[in-house]
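Please consult the sequence and the structure shown below while reading.

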Amino acid sequence: MKLDKIVVASGNKGKIKEIQQIFTDAEIVPMRELGFDGDIEETGETFSENAIIKAKFISEKFNLPVLADDSGLCVYALNGAPGIRSARFSGEGESANRKLLLKKLEGSKDRGAHFTSAVCLYFPDGNYILGEGKTYGKILTEEVGENGFGYDSLFYSDDLKKSFGQSTDEEKNSVSHRYRALCDLRNKL
């Protein structure tokens, strides 16, 4: 199935850019361009549930196919936290989230972690397709690199042998959790 236009249920410019670089054969339309820039309450218990909630909400509002992602960082020493609460871990934004993560991991020998992404492509008829992807690595003891967003400067990628913060968009997108989830979704189309 080929889609000419996909609305993205996100205001996160980093995510939108990543989706545009992967879905190059479709017009990617951020929900803001349709006039919606509010927040969609994420009440799910899993990444997949939150992706479905967001995609369904925007699809029903605009009667268009909508792609939504929910992703986060799962740190083993923190029992999978921040997990589905990654974006609001500290309640004070990305920089504060990174500082809180480093504080919680002080003295921890286990710094293993993975990013998980669940993507949902929701259609106006109520059908949807889910994709999931993960990428593995560890949490560094300090921020390394200026690229990316979120926790990228703290996440050392096992695949790339450097932090996502040191990686170009192309390098990160070739191994990222979102890339893998979008590929999984695309293979199901």
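Leaving out residues up to four places away in sequence, Asp69 touches Lys15, Ala51, Lys54, Ser117, Ala118, Val119 and Arg178, where contact means heavy atoms within 4.5 Å. The model is a predicted one, in which local features need pLDDT of at least 70 and side-chain atom pairs count only at pLDDT 80 or more, while totals for chains, interfaces and linings use all residues. Residues are numbered from 1 along each chain as its sequence is written, and side-chain values use heavy atoms, with hydrogens and water left out.

Asp69 is found in strand β3; helices (H or I, at least four residues) and strands (E, at least two) are DSSP runs, numbered from the N terminus. With a relative accessible area of 5%, Asp69 is buried; buried means under 20% relative accessible area, exposed over 50%, and partly exposed in between, for a 1.4 Å probe and protein chains only. The side chain of Asp69 has a polar contact of 2.7 Å with that of Lys15 and a polar contact of 2.7 Å with that of Ser117. A polar contact is a pair of N or O atoms within 3.5 Å; within protein, one must be able to donate a hydrogen and the other to accept it, and residues adjacent in sequence count only if both atoms are side-chain atoms.

Asp69 and Lys15 also belong to the lining of the largest cavity, together with Val8, Ala9, Ser10, Ile19, Leu67 and Ala68. On a 1 Å grid over the protein atoms alone, a cavity is a set of points where a 1.4 Å probe fits but cannot get out, and a pocket is an open set with protein on both sides within 12 Å along at least five of seven lines; lining residues have an atom within 4 Å of a point. Grid points are joined across faces, edges and corners, and a volume is the space filled by probe spheres set on the points. A search of the whole structure finds one cavity of 30 Å³ or more. Strand β3 supplies the largest share of the cavity lining, three residues.

The largest pocket is lined by 34 residues, and Asn12, Lys15, Glu42, Lys54 and Ala87 lie nearest its centre. Strand β3 gives the most to this lining, with five residues, and β3 (66–75), α3 (94–104) and α5 (177–188) each supply at least two. The table sets out both spaces; Ala, Val, Leu, Ile, Met, Phe, Trp, Tyr, Cys and Pro count as nonpolar, Asp, Glu, Lys and Arg as charged, and the others, Gly among them, as polar.

| Space | Volume | Lining residues by class |
|---|---|---|
| Largest pocket | about 810 Å³ | nine nonpolar, 11 polar, 14 charged |
| Largest cavity | about 30 Å³ | five nonpolar, one polar, two charged |

Helix α3 has Ala96, Asn97, Arg98, Leu101 and Leu102 as its buried residues, and their cover includes β3 and β5 (128–139).

Strand β5 runs antiparallel to β4 (residues 112–122), joined by 11 bridges, and antiparallel to β6, joined by three. Two strands pair if DSSP finds at least two bridges between them. Ala113 has Gly137 of β5 as its bridge partner, and Ile139 has Phe155 of β6. The hairpin of β4 and β5 has five residues between the strands, and Gly126 in this hairpin takes a positive phi near 95°.

Ser157 lies in β6 (residues 155–157) and counts as buried at 0% relative accessibility. Apart from neighbours within four places in sequence, Ser157 is in contact with Tyr136, Lys162, Ser163, Phe164 and Val175.
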